[in-house]
Amino acid sequence: MDSRQPLKRSDTIADSMPDALRQSTYHMKRCFSRLVATGKRLLERHHLMDEVDKSIEDKVERSKILEGLIGFIVISTQEAAVVPPYVAFAVRPNPGFWEFVKVNSENLHVDALDVSEYLKFKEMISDQNWANDENVLEIDFAAINYSTPHLTLPSSIGNGVSYISKFMFSKLCENSESARPLLDYLLTLNHQGEDLLINENLNTIDKLKTALFAANNLISALPKETQYKNFEQRLKELGFEKGWGHNAERVKDTMMTLSEVLQTPEPAKLESLFSWLPTVLRIVILSPHGYFGQSDVLGLPDTGGQVVYILDQVRALEEALLLRLKLQGLTVKPQILVVTRLIPDARGTKCNQELEPIINTNHSHILRVPFKTDNGVLNQWVSRFDIYPYLETFVQDAVAKILEHMECKPDLIIGNYSDGNLVASLMACKLGITQGTIAHALEKTKYEDSDVKWKELEAKYHFSCQFTADLLAMNATDFIITSTYQEIAGSKEKPGQYESHAAFTMPGLYRVVSGINIFDPKFNIVAPGADQSVYFPYTEKKGRLYSFHPAIEELLYSQKDNDEHIGYLADRTKPIIFSMARLDTVKNITGLTEWYGKNKRLRDLVNLVVVAGFFDPSKSNDREEQEEIKKMHHLIEKYQLRGQFRWIAAQTDRHRNGELYRCIADTKGAFVQPALYEAFGLTVIEAMNCGLPTFATNKGGPAEIIVDEVSGFHIDPNNGDQSSNIIADFFDKCKMDDQLWNRVSTSGLRRIHECYTWEIYANKLLNMGSFYGFWRQLNKEQNLAKQRYIQLLYNLQFRNLARTVPVPSEQAPARLPLPITKPQQSKVPTAKPEPQPLAPAEESKQGQPTPPTRAKILQQKSSSLQTLCFIVGSLWLIYYVMRKLYYTFAW
């Protein structure tokens, strides 16, 4: 247990730190002298702990100091900016709560800092002139979100719907007319011009209450199973339209719920009400980057878990929609479109087909829209980091295609990842509809100091575009879906993905003093599941896909290298530890390989099999993957892994992959997920659902999926020796306890079935689409002001940044496929050969880099005159917009 002295509730770091420093003045002066001795630098917590250890040599004295308030402050510090003679601390005593102080190393004087002042300290390290410029762009979303209610407790983060329902309850109870917004919302519900639930005859609260009372008397006299059509006309005469239910029992229950909400709108009743409103019938899901398809795409650049997630999501959503429509008594057909990029040079995939029915659905399709440049349609794949110049035109073209296909506006738009979320924001604003976003992974947390060092990474990753896109999309959206609490707010020790966007700086570009607020009630935790028809327990013998076993036998145990596998397993009696992921730095497959290579005990106990990427760097278009491939070959030779290690190329057949998990379980093996950070961890869900004991990273979502040492094991990806020993300890114990493996396997299965299914996910998402649609209506004025602010940033900042991203200069004209107007019911496709990867988007046919056709990458700011003009113009525009808003609202 941590015995460090915490702050009192009323204290601040600035108030408490001076006394704490005075209690150990000698040691603290020595420590701060060491901190500033090497000049300007940015320190992390472990650097501070190292300096404390070196400054206080007496272990007893050091332990005493660290158990007090100083220890609490140090362990709560996320980073410190050293600008002699000062050290500025960013202290995070609890998730979502930050305090900033600076300490003078000469006299230990402590001053509180606001967030802007702290960020200036960070900027002094890399760009002192910019830090001292009083006219830099500061982004402050808190200034326009002041009237939005926010959560206050870290434990409440991610429970947006619950919080808003309580807030609505208080508002709807204020007076007799407080329910008017709800009535107005119900009056807007229609399908293709046909009213749903109520018509204009029920245009006051009193009329609606009276009609509900009369309808209840009418329906109570009918048998429960009486079909709606048998009393539809009598309800219509009272002012009611279809959508209440398919029979008398359902209609009575839903009308009773509305009656109770109008009388006493309790939070639970409000949530129940919005769970059955027929508001979400047509859904658009955005995922522009990578190769989005149903076969032959997994393992290609930028193509992995997100594709699987969306396809499973769509099937679950359609199934849930069909059930709801049936219970609501509606004969409407739902529509779901996954909108992605059409790639003419698809290389064996269907990514050049405009409209493709989604397998195992009846009303869902993939709609592909091409990227365009000044020279026409872009033929080849383009990295997710280089995608931004194409998105604005993509939005315009995609909106036209969506309206053509659906013949009306969608009810809900869901974005995925940075590019899809930005597109969803632009589209939702254009069409005036509800928007949800799913980050999957925010790149800012993957690369250390990627904000302050953005210029060093810009040519490769274009983080100026990506971080700006994330800020715009997350503030524009109506609700945000996350898979875990850690994704939002991290842990006590480390901020989450979203929290890292609360305040940051990109010297030379802008300073974010308030970016993404994790206490915003738009955040909701909705964990996905695994496809139960693909990933089921190894013990279900009747469902096992034995036809795949010869191929899996060859895949795992063939002694010869080929294009699909490298290395061999000399001892087949040993269990297999197994991992499957993209071959990039963050997924850390090479890290796992090195852990295994260095741990002789683990090598004696088990074999290692990894499924990841290509073997030949020249076959990959992904820059990171190329480096990881070279590293993997180096590790194989360095640790002489042949005979104990099998490297299998990326596998695209999900059904065979599901059986591969089960075959690993047959060996009494385990699954290892060693990522440096994982937002959620679909492969963890898949492996556990197949009955494999699982060891997964403690950095991110898997730490919530797995109950450590009960339903699996947590491992630290930054401590390979410890992690490999945890795995080895498990297999050692299995030799002594022959039931241990079975107990962990069973506990993992139980955990998945209780918490992680697509049925639970789909219903929560649809409820949110309805709930936040009403919340959006309640906050029209606030949303308008925020949208103006976002439009300013988009037009004055993002568009210019997007123009700096190079695009290919020469392309052969692409012939687009004809649109499919009447798609037929799809069938499960037969397996195809693995496609060859595309040529790099940045190179011409001769392999030489092609010059950009748009503006060159900005290296520095323009001249001081241009900067001044931009600032003056921006301020004038902001003043004009705010002035217009003031008079609009005042009027």
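Helix 20 and helix 24 (residues 654-666) are roughly perpendicular to each other, because their packing angle is about 65 degrees and angles of 65 to 115 degrees fall in that class. The model in which this packing is seen is a predicted one. The axes of helix 20 and helix 24 lie 10 Å apart, and the crossing of the two helices is right-handed. On the side of helix 20 the contact is made by His549, Ala551, Ile552, Leu555 and Leu556. Helix 24 contributes Arg656, Glu659, Leu660, Cys663 and Ile664.

Helix 20 covers residues 549-557, and tyrosine 557 lies in it. Tyrosine 557 has a relative accessibility of 13% and therefore counts as buried, since buried means under 20%. Apart from neighbours within four places in sequence, tyrosine 557 is in contact with Leu569, Arg572, Ile576, Arg646 and Thr667. Tyrosine 557 can also be related to aspartate 571, which is 14 residues away in sequence; the C-alpha atoms of the two residues are 9.6 Å apart in space.

These details belong to a protein with 31 helices and 27 strands. Of its 891 residues, 58% are buried. Among contacts between residues at least 6 apart in sequence, 73% join residues at least 24 apart.

The crossing of helix 14 and helix 29 is right-handed. The residues of helix 14 that make the contact are Tyr309, Asp312, Gln313, Ala316, Leu317, Ala320, Leu321 and Arg324. Their counterparts in helix 29 are Trp758, Tyr761, Ala762, Asn763, Leu765, Leu766 and Asn767.

A pair of aromatic rings is described by the distance of the centres and the angle of the planes. A search of the whole structure finds 42 aromatic pairs. One of them joins phenylalanine 100 and tyrosine 118, and this pair is stacked because the planes stand at 25 degrees, with the ring centres 5.0 Å apart; the stacked class requires planes under 30 degrees apart. The pair links distant parts of the chain, with phenylalanine 100 in strand 4 (residues 97-104) and tyrosine 118 in helix 6 (residues 115-126), 18 residues apart. Phenylalanine 100 is buried, at a relative accessible area of 13%, and tyrosine 118 is also buried, at 1% relative accessibility.

Tyrosine 498 and phenylalanine 523 form an edge-to-face pair, with 5.0 Å from centre to centre and 75 degrees between the planes. This pair too links distant parts of the chain, its members being 25 residues apart. Tyrosine 498 is in the loop between helix 19 (485-489) and strand 18 (504-506), whereas phenylalanine 523 is in strand 20 (residues 523-525). Tyrosine 498 counts as buried at 0% relative accessibility, and phenylalanine 523 is buried with a relative accessible area of 1%. Elsewhere, ring pairs link Tyr185, Phe274, Phe479, Phe771, Tyr772 and Phe774 into a cluster.

Charged side chains also meet aromatic rings. The charged end of lysine 102 sits over the ring of tyrosine 86, at 4.5 Å from the ring centre. Arginine 662 places its charged end over the ring of phenylalanine 536, where the distance to the ring centre is 3.7 Å.

Leucine 258 is in helix 12 (residues 248-263), and leucine 258 is buried, with a relative accessible area of 1%. Beyond residues up to four places away in sequence, leucine 258 touches Leu182, Leu186, Leu208, Leu212, Trp244 and Leu273. The C-alpha atoms of leucine 258 and leucine 270 are separated by 8.5 Å, and these two residues are 12 residues apart along the chain.

Serine 724 is found in helix 27 (residues 720-736). The relative accessibility of serine 724 is 2%, so this residue counts as buried. With neighbours within four places in sequence set aside, serine 724 is in contact with Trp595, Asn599 and Leu602.

Technical notes. Residues are numbered from 1 along each chain as its sequence is written. This is a predicted model: local features need pLDDT of at least 70, side-chain atom pairs count only at pLDDT 80 or more; totals for chains, interfaces and linings use all residues. Side-chain values use heavy atoms; hydrogens and water are left out. Rings of Phe, Tyr and Trp (its six-membered ring) pair if their centres lie within 6.5 Å; planes under 30 degrees apart count as stacked, over 60 as edge-to-face and the rest as tilted. Helices (H or I, at least four residues) and strands (E, at least two) are DSSP runs, numbered from the N terminus. Buried means under 20% relative accessible area, exposed over 50%, partly exposed in between (1.4 Å probe, protein chains only). A charge sits over a ring if NZ of Lys or CZ of Arg is within 6 Å of the ring centre and within 35 degrees of the ring normal. A crossing is left-handed if the near helix is turned anticlockwise from the far one by less than a right angle, and right-handed if clockwise. Contact means heavy atoms within 4.5 Å. Axes are lines fitted to C-alpha atoms, for helices over the stretch in contact, and angles run from 0 to 180 degrees between N-to-C directions. Angles under 35 degrees count as roughly parallel, over 145 as roughly antiparallel, 65 to 115 as roughly perpendicular and the rest as oblique.
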